[in-house]
Structures are given as C-alpha cells and as structure tokens.
Amino acid sequence: MPGFTAADVPDLSGRTYVVTGANTGLGFEATRVLAARGAQVVLVCRSEDKAREAMGRIIAETPGAKLDFVELDLADLDAVKRTADVLSQREDLDVLVNNAGVMIPPLSHTAQGFELQFGVNHLGTFALTSHLLPKLAQGKNPRVIVTSSIAHRSGQAVWGDPKAEESYSRVQRYSDSKLANALFFVELARRLEASGSPVISVGCHPGVASTELGRHMGFASVAMKLVGMVLNTAEQGAVPTLQAATDPGAANGDYYGPRGLREMSGPSGTAFLTRLARDPGAAQWLWQRSVELTGVDPNLPPV
Ligand SMILES: NC(=O)c1ccc[n+]([C@@H]2O[C@H](COP(=O)([O-])OP(=O)(O)OC[C@H]3O[C@@H](n4cnc5c(N)ncnc54)[C@H](OP(=O)(O)O)[C@@H]3O)[C@@H](O)[C@H]2O)c1
C-alpha cells in the first residue's frame with residue numbers, strides 16, 4: 001500500500017521544529033528523524049533529565065544533531081505561558097508539533113483545577129499554540145501540528161464539566177480530549193485561512209503504537225509489547241506525525257494517519273475524521289470555551 005514513510009521526510013536543513021513530549025514515545029521518534037534530516041529541534045518536555053537523556057540518544061545516532069531543551073508543563077497554564085515566552089525569544093521557529101499527552105490517569109487535575117486529560121491534551125495545547133501563533137507567523141512555511149487519535153471517534157462534546165466535578169470516566173475523558181484536539185486543529189485551519197495567516201494547521205494520529213502512553217493501565221508493559229509486535233512500534237507510530245510536520249504536499253486542515261485496517265497501522269496517508277470532529281458549530285463552541293477557560297485568545301475571528 002503506497003503511502004508516506006519516514007524515508008519520505010525531506011531535507012530539513014534551516015528549519016526549526018518545536019516538539020512537545022519529545023523525550024519518549026512518538027515525540028522522541030519524530031524528533032530523532034527530524035534531527036537526522038538536519039532540522040534544529042527544540043525538545044519541549046516537563047523533565048529536563050529525561051529530555052537530556054533523549055538528546056544523548058539522538059546525538060549518539062546523529063552526531064552534530066541540532067537540539068535544544070525548553071521546559072514545559074502543560075498541566076499549568078502559567079508554566080505554558082513561560083514556555084511560550086522563552087520560545088518566542090528564539091530567532092526562528094517554523095513548526096510546532098503538539099504531541100505531548102496523557103491517557104486514562106486516575107482522576108487528577110491541572111494547576112488551574114481542570115480534569116487532567118482535557119487540561120493537558122487540549123487546554124494546554126490550545127494555550128501553547130495560541131501564544132506561539134504570532135511567532136510562527138514569522139517562520140518559514142510555518143505549521144502547527146495537533147495529535148489526535150482513533151479514540152476521537154467515541155468522543156462526545158461534554159466540556160460543560162471541565163473539572164470533572166459531576167462525573168469521571170477516564171476512558172471517555174480521553175476520547176473527549178482527542179475529539180477536542182481534532183475540533184481544534186480543524187477550526188484553527190479555518191480561522192488561519194480566513195485571516196490570511198501564512199501558518200497552516202495539520203492534524204495526525206498514530207493508529208495504535210507501543211509507547212509509554214499506557215502507563216496508567218495495570219497491564220501496560222505486556223499490552224504495549226504486544227502492540228509493538230502486532231501493530232506499530234513507536235518508530236512506526238511517529239510516521240503520520242512526520243508526514244503532518246514535513247510533507248511538502250500537506251495542506252491546511254489535512255489529517256494524517258495509518259492507512260491499514262481500521263487505521264491502526266500501515267503507511268501514512270489521509271485519515272478519517274468523524275462528522276462531529278468536522279462540525280463547525282461544535283468547534284466554535286469549544287474554541288470560545290477554551291478562550292474563557294485558559295484566558296488566552298488567539299484573536300482569530302470565527303469564519
Ligand atoms: N501511542 C498510541 O497508540 C497513541 C494513539 C493515539 C494517540 N496518541 C497520542 O500521541 C501523543 C504521544 O503519545 P505517546 O504514545 O508517545 O505517549 P508517551 O510515550 O506516554 O509520551 C507522552 C509524552 O507527553 C509528555 N507529557 C505528559 N504530560 C505532560 C505535561 N503535563 N506536560 C508536558 N508534557 C507532558 C510525557 O512526558 P513524561 O515522559 O515526562 O511523562 C511524554 O513526553 C499523545 O497526544 C497521545 O494521545 C498515542
């Protein structure tokens with residue numbers, strides 16, 4: 001089945017990428033390939049130790065890799081602002097890869113009291129992206145990448161209870177957060193285009209890949225080993241991220257994922273978004289809610 005593979009990532013000399021959650025899993029694998037193709041990559045992670053260890057592994061494979069570290073905790077909107085301020089002071093910044101995420105933790109909250117999956121996967125990503133849009137607009141062929149999931153298909157628009165004060169289903173909340181990621185990148189694409197911005201917004205999902213994402217599942221290590229054998233290693237799972245971030249043919253609003261059975265594995269190409277994920281009404285409602293909850297407004301009017 002033809003499709004985009006890591007071998008299709010072009011030469012990236014002279015381009016600067018920011019990758020959130022770059023120390024492990026898909027973010028690490030994407031960073032490894034971006035660096036090998038000559039990009040400057042800023043690893044934006046919550047643990048400096050883990051980031052430096054990851055940088056060491058990349059440099060062992062690609063001596064001379066151009067890597068930097070900036071601290072980021074998506075579970076604290078004040079910290080997100082500080083990270084964005086540091087990144088905005090850089091000379092150049094071309095592509096923001098929103099990859100970091102958390103899946104099915106026990107009920108827990110961000111510094112501002114939001115349910116963790118909604119807070120980290122969506123609100124933190126929304127805030128970081130919004131802060132960085134003016135800087136990205138000065139970049140070369142600038143892009144924002146947002147990582148969603150097959151799980152977005154079971155997402156329901158239930159963000160009326162963003163602190164999970166009424167109920168908490170960890171699996172449903174993960175799906176909801178990934179639906180929010182999908183609604184966000186599509187709505188961002190619409191608004192960027194209407195505003196005449198040079199930035200494009202592209203979505204992706206990895207299918208199912210063996211990473212540390214299952215750390216809150218009791219049987220995680222066994223399940224993830226199996227996933228790596230049957231479906232995708234982290235290296236394979238990162239390919240749609242790489243396509244979204246580097247394919248010269250990628251257009252504003254595109255969504256990439258594996259093309260195999262049920263989009264769980266296989267070469268990367270155009271992926272399926274549910275009708276709800278493409279619904280402008282749901283997206284505008286979520287956008288407005290995100291502005292209210294984060295206090296960050298990207299100043300892109302609705303279309
Ligand atoms: N693996 C899959 O099958 C799969 C399927 C669909 C979608 N996805 C999506 O792919 C993305 C990457 O996941 P992965 O599978 O690579 O998982 P992973 O191996 O667990 O990596 C997640 C990354 O996110 C970081 N992170 C978590 N909470 C954070 C926070 N509060 N602030 C900053 N960084 C934070 C982690 O940092 P630490 O290492 O410090 O915890 C780690 O670097 C996620 O958005 C996930 O929803 C994955």
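**Figure 1. Surroundings of Gln-89 in the predicted model.** In this predicted model, Gln-89 lies in the loop that links helix H3 (77-88) to strand E4 (95-98). Gln-89 has 9 C-beta neighbours inside 10 Å and therefore counts as exposed, the limit for that class being 12 or fewer. Leu-128 is 39 residues from Gln-89 along the chain, and the C-alpha atoms of the two are separated by 14 Å.

**Figure 2. Arg-15 and its contacts.** Arg-15 belongs to the segment that precedes strand E1 (16-20). When residues up to four places away in sequence are left out, Arg-15 touches Ala-39, Asp-94, Val-95 and Lys-140. Between Arg-15 and Leu-93 the C-alpha to C-alpha distance is 7.6 Å, although 78 residues separate them in sequence.

**Figure 3. The shell around the ligand.** The ligand is surrounded by 30 residues, of which Gly-21, Gly-25, Gly-101, Ser-149 and Thr-211 are the closest. Helix H1 (residues 25-36) supplies the largest share of this shell, namely three residues.

**Figure 4. Crossing of helices H1 and H2.** H1, which also contributes to the ligand shell, crosses helix H2 (residues 48-61) at roughly 35°, with the two axes coming within 10 Å. The crossing is right-handed. On the H1 side the contact is formed by Phe-28, Thr-31, Arg-32 and Ala-35, and on the H2 side by Ala-54, Ile-58 and Glu-61. Four of these contact residues are nonpolar, one is polar and two are charged.

**Figure 5. Helix H5 and the glycine that follows.** The end C-alpha atoms of H5 (residues 170-195) are 37 Å apart, which agrees with the 38 Å that 26 residues should span at 1.5 Å a residue. H5 is mostly covered, as 19 of its 26 residues are buried. Gly-196 follows H5 and has a positive phi, near 80°.

**Figure 6. Asn-141, a residue with positive phi.** Most residues other than glycine have a negative phi. Asn-141, which is not a glycine, has a positive phi of about 40°. Asn-141 is located in the loop between helix H4 (116-136) and strand E5 (143-147). Its 12 C-beta neighbours inside 10 Å place Asn-141 in the exposed class, which extends to 12 or fewer.

**Figure 7. Asn-299, in the segment after helix H9.** Asn-299 is found in the segment that comes after helix H9 (280-294). The phi of Asn-299, a residue other than glycine, is positive and near 55°. Asn-299 counts as exposed because 11 C-beta neighbours lie inside 10 Å.

**Figure 8. The enclosed helix H8.** Eight of the eight residues of H8 (residues 239-246) are buried, so this helix is largely enclosed by the rest of the structure. The buried residues are Val-239, Pro-240, Thr-241, Leu-242, Gln-243, Ala-244, Ala-245 and Thr-246.

Conventions. Residues numbered from 1 in each chain as written. Predicted model: local features only at pLDDT ≥ 70, side-chain atom pairs only at ≥ 80, totals over all residues. Near = placed C-beta within 6 Å. Helix = DSSP H or I, 4+ residues; strand = E, 2+ residues; numbered from the N terminus. Axes fitted to C-alpha atoms, helices over the stretch in contact; angles between N-to-C directions. Left-handed = near helix turned anticlockwise from the far one by under 90°. Contact = placed C-beta atoms within 7 Å. Nonpolar A, V, L, I, M, F, W, Y, C, P; charged D, E, K, R; others polar. Expected span 1.5 Å × (residues − 1). Buried ≥ 20, exposed ≤ 12 C-beta atoms within 10 Å, placed from the backbone.
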